[in-house]
Amino acid sequence: SPFFGYFSSLRIKEHNSQVTSTDRPTMNFSEQLQARVDAVDSLLCVGLDPHVGELPEPTAAAAVAFCKRLVEATLPYAAAYKPNMAFFERFGAAGHEALVEVLAMVPPDVPVVLDAKRGDIGSTSEAYAEACLGSAGLGCSSVTVNPYMGTDSLEPFLKDPSKGCWLLCKTSNPGSNDLQALPLAEPAGGGAVYERVASLASSKWNGNGNVGLVVGATDTKAMARVRAQAPGLWVLAPGVGFQGGDLAAACDAGLFVNAAGKATGVLFPVSRGISKSADPAAAALGLRDQINAARAAKHASQAQAGQAKRQKGDPDAVAPYQAKFIEFAMSRQVLRFDGPFTLKSGRKSPYFFNAGLFSTGAAVAGLARFYAEAVSAAPALDFEVIFGPAYKGIPLATALGMALASPDFGSKDYGVAYNRKEAKDHGEGGTLVGASLAGKKVLLVDDVISAGTAIREAVALVKAQGGVVAGVVIALDRQERGPDASAPRESAVMSVEREFGCPVRSIAGLSNLTAYFAGAVSSTAAPGTGEAIAAYRKEYGVC
């Protein structure tokens with residue numbers, strides 16, 4: 001009725017207004033979820049499924065009371081809540097109002113997974129996204145979506161990085177094998193249909209860091225294959241409890257150890273295993289502790305593997321910040337492994353790095369912190385001014401200076417300078433902008449060193465201004481020899497170090513990629529990726 005529509009819109013606005021403009025998340029959805037997981041030390045997602053059979057009477061009011069009891073009992077142990085829309089929609093308009101009331105019970109910092117399984121195209125998909133995620137709709141933090149209509153059907157759900165999109169991949173029901181497990185021909189990439197969904201989710205759809213996959217805990221072999229295709233994506237794994245999923249096996253197959261040293265990446269929704277308990281709080285606590293025991297076992301096995309490599313003095317051991325940088329670059333599609341990619345030299349590379357895709361404020365700020373980590377790693381580089389060669393080096397030098405000035409890196413206030421490509425004939429004139437280089441130790445910043453031309457030009461400029469190049473820092477070192485087989489077997493970075501006698505530091509290099517995919521920090525890798533990188537390194541590498 002018109003009256004209900006007006007009343008319900010007021011309730012929705014009241015719910016959405018609980019998050020003020022200053023509280024609205026600046027993190028993407030995956031980061032928000034990890035923050036909540038860390039805050040409560042839990043991967044438990046509490047399902048809010050008011051089955052009529054569990055209610056004292058078949059009414060929307062009874063559904064609200066049912067959910068209220070669960071939220072109040074489980075809040076200290078819940079990483080997220082997952083209301084299933086079907087159990088509310090069955091009550092018609094009153095059910096919609098009940099869902100709004102239940103959503104208002106969940107604190108703004110606790111993610112909500114709206115189990116709606118939406119999917120359509122064009123304006124219909126846009127309307128679904130607004131209804132589920134938008135401020136004029138339910139305003140949930142995330143929603144489950146059917147991806148089988150393709151990229152254009154998902155775009156409305158993906159455009160806001162702070163809102164999550166859980167894609168149905170390999171669901172927990174027995175009938176999922178009828179379609180999702182069908183094999184694909186080699187021209188389509190091989191593997192099963194659900195593996196293709198996982199691959200697309202990781203390589204194409206997760207540009208905003210807000211995509212997760214729904215994979216049933218009832219099929220741990222499929223879970224492992226999905227994790228291989230999507231190493232860094234969150235997985236929502238229903239099926240533990242009444243559907244008979246093996247929690248320990250699902251944890252072993254799906255969890256990964258992130259760069260912070262935490263076993264994470266799988267959210268376990270449980271509904272009836274908690275709601276049917278006489279003590280929902282105790283049931284939730286018990287489930288959280290079972291999951292955490294499996295997390296601890298996963299972390300221990302990964303830590304032992306990494307420690308063994310370090311004790312052997314393995315040069316491929318990867319530092320935590322380097323592993324985190326690799327994950328960060330993959331999440332932004334800066335670092336891709338869905339090639340092969342033909343390089344300018346004609347080589348077929350299994351990976352591609354495009355720093356230009358660090359193209360938002362948050363991305364550049366995050367990148368700057370990784371540069372700061374590399375600069376500060378022992379032995380720390382000794383310099384007084386940061387210089388960014390035009391043009392790519394300009395924002396990098398500025399952002400690095402800001403990162404190093406933060407308390408996290410000792411609040412060190414370095415000078416920042418850069419050059420113009422064209423000399424200015426008015427104002428201050430010349431090509432140099434910013435801090436003076438005269439008599440200063442200067443750190444050059446760039447994204448990569450290919451032929452080394454830009455760095456050589458920057459070194460000449462610094463020297464002409466009376467400065468001394470103290471070092472160079474770049475994002476990625478390909479660590480491969482030049483295309484001229486008759487030239488010395490050295491990389492472009494090695495040539496710069498030899499020619500100018502200064503150290504070149506990178507956030508990560510080919511050896512770190514090898515270590516990452518070999519399992520020094522993370523055992524998750526797309527099938528064949530680690531082998532392809534190792535083979536490429538063996539043929540062209542200098543490390």
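What covers the buried residues of α14? The cover includes α13 (320-331), α15 (393-404), β18 (441-445), β19 (468-477) and β20 (504-509). Buried here means under 20% relative accessible area, with exposed over 50% and partly exposed in between (1.4 Å probe, protein chains only). Helices (H or I, at least four residues) and strands (E, at least two) are DSSP runs, numbered from the N terminus.

This is a predicted model, in which local features need pLDDT of at least 70 and side-chain atom pairs count only at pLDDT 80 or more, while totals for chains, interfaces and linings use all residues. Residues are numbered from 1 along each chain as its sequence is written, and side-chain values use heavy atoms, with hydrogens and water left out.

**Overall figures**

The protein chain comes to 19 helices and 20 strands. Of its 543 residues, 52% are buried. Contact means heavy atoms within 4.5 Å; among contacts between residues at least 6 apart in sequence, 72% join residues at least 24 apart.

The buried residues of α14 are Ala363, Gly366, Leu367, Ala368, Phe370, Tyr371, Ala372, Ala374 and Val375.

Strand β20, part of that cover, is itself mostly covered, as six of its six residues are buried. β19 and β20 run parallel and are joined by five bridges; two strands pair if DSSP finds at least two bridges between them. Isoleucine 474 stands opposite serine 506 in β20.

**Nonpolar cores**

A nonpolar core is a set of buried Ala, Val, Leu, Ile, Met, Phe, Trp, Tyr and Cys residues joined through side-chain atoms within 4.5 Å. The largest has 89 residues, of which Leu114, Trp166, Leu167, Leu213, Leu267 and Phe268 touch the most other members. Helix α3 (residues 60-74) gives the most to this core, with eight residues. A second, separate core of 48 residues includes Phe358, Ala374, Leu381 and Tyr516. Ala374 is also among the buried residues of α14.

Leaving out residues up to four places away in sequence, Phe268 touches Leu43, Leu44, Cys45, Ala237, Val240, Leu247, Ala250, Cys251 and Ile291.

**Cysteines**

The whole structure has zero disulfides, a disulfide being a pair of cysteine sulfur atoms within 2.5 Å. For cysteine 132, the nearest cysteine sulfur is that of cysteine 140, 7.0 Å away.

| Residue | Relative accessible area | State |
|---|---|---|
| Cysteine 132 | 2% | buried |
| Cysteine 165 | 1% | buried |
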